[in-house]
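Work through these exercises with the sequence and the 3D view side by side. Try each task before you read its solution.

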Amino acid sequence: MRPGSALTASLTAAAALALTATGTSATAGAATPGASARPAHCQEKALRISASPGDRHNVARIAVTNRGGRTCVVDRIPTVTFRGLDGSAQPVPPATSGSYVLSPGERGYAAVRTAERGTRQGHVVRSLSVAADPAHYGVTFGAATVGMDRGIRVWEPVTTLWHTSRGSADRALAAATR
């Protein structure tokens, strides 16, 4: 065996060993290593989605709760859409899909920012929809539910990733939108 082949073989063996290691536990918000240790995707009926006003006029807080009896995963980016408009709120910081692990009874929190006060650009809609996974239908909330009684003005909306607390979601949104 050539020296390069020996190194490749040893790296491949180490990678295979790492992928098959057991005993790793799932924690909130973390993807679980190893294909056999991964929890299944959450069934939509096992989740509860809620929304409420944020700490500012153009912020909504959202939460997902695993009401099922097993640990499962949702996408780490909540899917937030606005009635009658194409597209969804963009994640901040910019991110790609990934797993967010929820144990039974556990919640994930995110914050959504719409348009700044006084903005005349964009559209005003009467509701927004939230899904914990792009494959889910999601739940629709009226503007008043999220504290935007005169409608939700949408201009370059953003959402945080799921976080383990409401406060960390609020801080993430504030840091990303300065």
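**Exercise 1.** Are Arg61 and Asp170 buried or exposed, and what do their side chains form?

Solution. This is a predicted model.
- Step 1: Check accessibility. Arg61 is buried, and Asp170 is buried too.
- Step 2: Recall a general point. Side chains of opposite charge can pair when their charged atoms come close.
- Step 3: Look at the distance. The side chains of Arg61 and Asp170 lie 2.5 Å apart, N to O. The cut-off for a salt bridge is 4 Å, and the two side chains do meet in one.
- Step 4: Arg61 lies in strand S2 and Asp170 in helix H2, so the pair ties together parts that are 109 residues apart in sequence.
- Step 5: Count. The structure holds one salt bridge.

**Exercise 2.** Find the disulfide, and say where its cysteines lie.

Solution. 
- Step 1: Recall the bond. A disulfide is a covalent bond between the sulfur atoms of two cysteines.
- Step 2: Search the whole structure. One disulfide turns up.
- Step 3: Name the pair. Cys42 and Cys72 form it, with their sulfur atoms 2.0 Å apart.
- Step 4: Cys42 sits in the loop between helix H1 and strand S1, and Cys72 in strand S3.
- Step 5: The link of Cys42 and Cys72 is right-handed, with 90° about the S-S bond.
- Step 6: Check burial. Buried means under 20% relative accessible area. Cys42 has 5%, so Cys42 is buried. Cys72 has 6%, so Cys72 is buried.

**Exercise 3.** Which residues have the most contacts inside the largest nonpolar core?

Solution. 
- Step 1: In soluble globular proteins, nonpolar side chains tend to be buried together.
- Step 2: Size the core. The largest one has 27 residues.
- Step 3: List the residues with the most contacts inside the core. They are Ile62, Val74, Val80, Phe82, Leu128, Ile152 and Trp162.
- Step 4: Trace the elements. Those giving two or more residues to this core include S1, S2, S3 and strand S4.
- Step 5: Zoom in on Leu128. Among the residues Leu128 touches are Val80, Phe82, Phe141 and Ile152.
- Step 6: Look elsewhere. A second, separate core of five residues includes Val59, Val92, Ala111 and Val158.

**Exercise 4.** Where is Val101, and how far is its C-alpha atom from that of Val73?

Solution. 
- Step 1: Locate Val101. Val101 is in strand S6.
- Step 2: Check burial. Val101 has a relative accessible area of 0%, so Val101 is buried.
- Step 3: Compare chain and space. Val101 and Val73 are 28 residues apart along the chain, and their C-alpha atoms are separated by 4.4 Å.

Methods
Residues are numbered from 1 along each chain as its sequence is written. This is a predicted model: local features need pLDDT of at least 70, side-chain atom pairs count only at pLDDT 80 or more; totals for chains, interfaces and linings use all residues. Side-chain values use heavy atoms; hydrogens and water are left out. A disulfide is a pair of cysteine sulfur atoms within 2.5 Å. Helices (H or I, at least four residues) and strands (E, at least two) are DSSP runs, numbered from the N terminus. Buried means under 20% relative accessible area, exposed over 50%, partly exposed in between (1.4 Å probe, protein chains only). A nonpolar core is a set of buried Ala, Val, Leu, Ile, Met, Phe, Trp, Tyr and Cys residues joined through side-chain atoms within 4.5 Å. Contact means heavy atoms within 4.5 Å. Lists of a residue's contacts leave out its neighbours within four places in sequence.
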